[in-house]
Amino acid sequence: MDITKRIKKELIKIFDKLSVHLEEDILLQPSDSREHGDYYTNVCLKNAKALKMKPIDLANQIASSFSLEGIKEVQAVFPGFLNFFLKEEQLGEVINQILSQNENYPSITEGKGIKVNIEYVSANPTGTLHLGHARGAAIGDSLARIYKKAGYDVTREYYINDAGKQIDHLADSLIARYLQLCGKECEVPEDGYHGEEIISVAKELYKKVEDSYKDEIDEHYEEIKQFAQDQLLEKIKEDLHNFRVDQDVYTSEKEIRNRGDVEKVLSSLMPNCYKKDDAIFLNTTKDGDDKDRVLVKSDGTYTYLLPDIAYHQDKINRGFNKIIDLFGADHHGYITRLKSSLSSLGNDPDILTVKLVQMVRLFKNGEEFKMSKRTGNAVSMKELVSECSVDAIRYFFVSRACSSHLDFNLDLAMTLKSENPVFYAQYTHARLCGIMSNGKRFFPLSDRRDLLLNEKEKNVLIILRDYKDVILTAVEENEPFKITNYVHQLAVALNEFYTVCKVLDDKDVELSKQRLALVKASSIVLKDALSLIGVDAPERMISSDNEDKR
C-alpha cells in the first residue's frame, strides 16, 4: 500500500480512539521543503475544536503516539500541523515503483470511467493558424495528454464554424481570385479574405476545373464554398499535425443545424425565454450575466449563441461527464451566458469548464516581431514552426498559466545553451542516457536503496515521488504549466545530483548500482513528463559544456 494511504489509515485509527471520525480524503500533501518533512497535514487544526483542545496540543499528542513502519519521525508544528519524515529506504521505494511500471508510472486511476471532451483551436476554416491558435493548440493538446495520463477517457475535438457569414465571405473571396486566374477583372470584396492562402486555393480550384466555371459561377457557388472550406481545413489539419496536434473529432456547425438540433434546443429553452421587439431573448441574468441574450434576432435569424448551445448540448448527449473549452481571452463575457444556457436546459453548468488563453507576443533580436515579411499579416503557425523547433515552441507556449500573456523570445528558444529551459531539460535527459550507456558494466542494477543518503539524492527522490501529485494538480486546475514547472524542477535537481555525486565508481560498485537505478528511474519520469507537453526526450544531444561519464 502507498505510504500516504498508510499514513491516512493510521490517522483515522488514532482519531477513532478519540471518538472523532475522519473522512478518507484527509489533506496530506508533500512538504515544500525538506526541513518540514516529506508530507504534512492540517488534520489537528480541523478537529481540535471537536475535542475541546488547542490544535498544537492535539498535534503533540498525535505525534507522540504515531507509529508506522517507514516513518522516521513525526513533528508537531505551531499552530497545529503534523510533519511526517520518511525513512530513507521508504523514500527510495519510488525507484522500484518506477522501474517496475516504466512509462506507466505513476499508476493513476482517478479518471477511470470519466469521459472528458476537450475542444481547442476551432479556428474558422477561412485562413491560416496564427500564434494565438498555436498557443491554444499546445495547451489543449497537452491538457488532453495529461488527462489521459490520469486515467480519463479523453476526446480531442475541433468545432468547425462552417455555417455563418464568414463562410460566404470566404466563397466570394475565392471566386474573385478564381476569376482573376481566368483573366477576368474582379476585386476581392472589402469584407472578404485577402491572404495568400486564398490565392493558393484559387490555383487549386483552377487546376481542377480550369475556365469551366467562369461563366456559370452562381450555379457552382455552393460547390466552390465547400471546396474552399475543405482545402483550408486540410491545410489547418496539416499545420496542426506538424505541431504534434491531432484531434479525434471534427464537428460541423452546418451538420448540427441540418439535423435540426438548433430548433430542438430552442424549443427546450423557450420556458426561460421571452419576446421583445420581435426578437427572442434568453434569461441569463438570473445566473449572473450582465444582460439577457438574444437567441433569435428580429429578422428570424439565429445569433451565434444559439447553435453554440446546441453544439454543447450535443456534447452532453454524447455522454461526456466533463467538457473543457479553450477560448481566446476576448471571450470572457461568453462563459456566463453559455453556462446559464446549459442550466436552462436542465444540465449541471459545472459540467463545462472554460479556459481563456491569452495571446502571444513574438520577440526576435530584442524587438517585438508582429508581421510576416511574406504575407504582411500576423506570423502564422506554419512560419513559426519553420523558424523554430516544435519542441521549443510547445514548451514555451505551455510554460505559463493560460490566463497569462506570453512573450515568446525566439532567440532564447533557439539557443542551445542551459539558459534555454527546453534545451536544459532535454540535455538533462540525454545526459542521463549517456550515464546509463557508460555504466553498463554495473548492470544488473541493485534493489537496495540504503546508500542513497546524500541530500541531493534525497531531493531527486522526493521530486520523483511527487510526480503523481503534480499530474493530478494539473488536471484539477486544467493548467499544463504545472508539468513544465515540474520538468524544470526535476532537471535542476538532477544536475545538482550528478554534479555532487559520482555515479560510476569502480571503487564502490554497490553505490554505483544504486545511483544508476536512480538515474534510470529519473530518465523514465523526465521523458514521460516531457511527453505530456508534446516535447521529445532525445537520448543524445550536442554540447561541449559537460561530459556523460559520471
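Predicted model: local features only at pLDDT ≥ 70, side-chain atom pairs only at ≥ 80, totals over all residues.
Local features need pLDDT of at least 70 and side-chain atom pairs count only at pLDDT 80 or more, while totals for chains, interfaces and linings use all residues. Residues are numbered from 1 along each chain as its sequence is written, and side-chain values use heavy atoms, leaving out hydrogens and water.

**View 1. Helix H15 meets helix H17.** The axes (lines fitted to C-alpha atoms over the stretch in contact, with angles from 0 to 180 degrees between N-to-C directions) of H15 (residues 390-397) and H17 (residues 421-438) come within 9 Å and cross at roughly 115°. H15 and H17 are therefore roughly perpendicular (65 to 115 degrees). Touching here (heavy atoms within 4.5 Å) are Asp391, Ala392, Tyr395 and Phe396 of H15 with Pro421, Val422 and Gln426 of H17. That makes five nonpolar residues, one polar and one charged.

View 2. Nine of the eleven residues of H13 (residues 334-344) are buried, so the helix is largely enclosed by the rest of the structure. Buried means under 20% relative accessible area, with a 1.4 Å probe and protein chains only. Among the buried ones are Tyr334, Arg337, Lys339 and Leu342. Their cover includes helices H11 (261-269) and H12 (305-317), plus strands E9 (279-282) and E12 (352-357). After H13 comes glycine 346, with a positive phi near 90°.

**View 3. Cysteines without a bond.** The disulfide count (cysteine sulfur pairs within 2.5 Å) comes to zero. For cysteine 433, the closest cysteine sulfur is in cysteine 501, 19 Å away and too far for a bond. Cysteine 433 is buried at 14% relative accessible area, and cysteine 402 is buried at 2%.

Key:
Helix = DSSP H or I, 4+ residues; strand = E, 2+ residues; numbered from the N terminus. Parallel < 35°, antiparallel > 145°, perpendicular 65-115°, else oblique. Nonpolar A, V, L, I, M, F, W, Y, C, P; charged D, E, K, R; others polar. Buried < 20%, exposed > 50% of the residue type's maximum accessible area, 1.4 Å probe, protein only.
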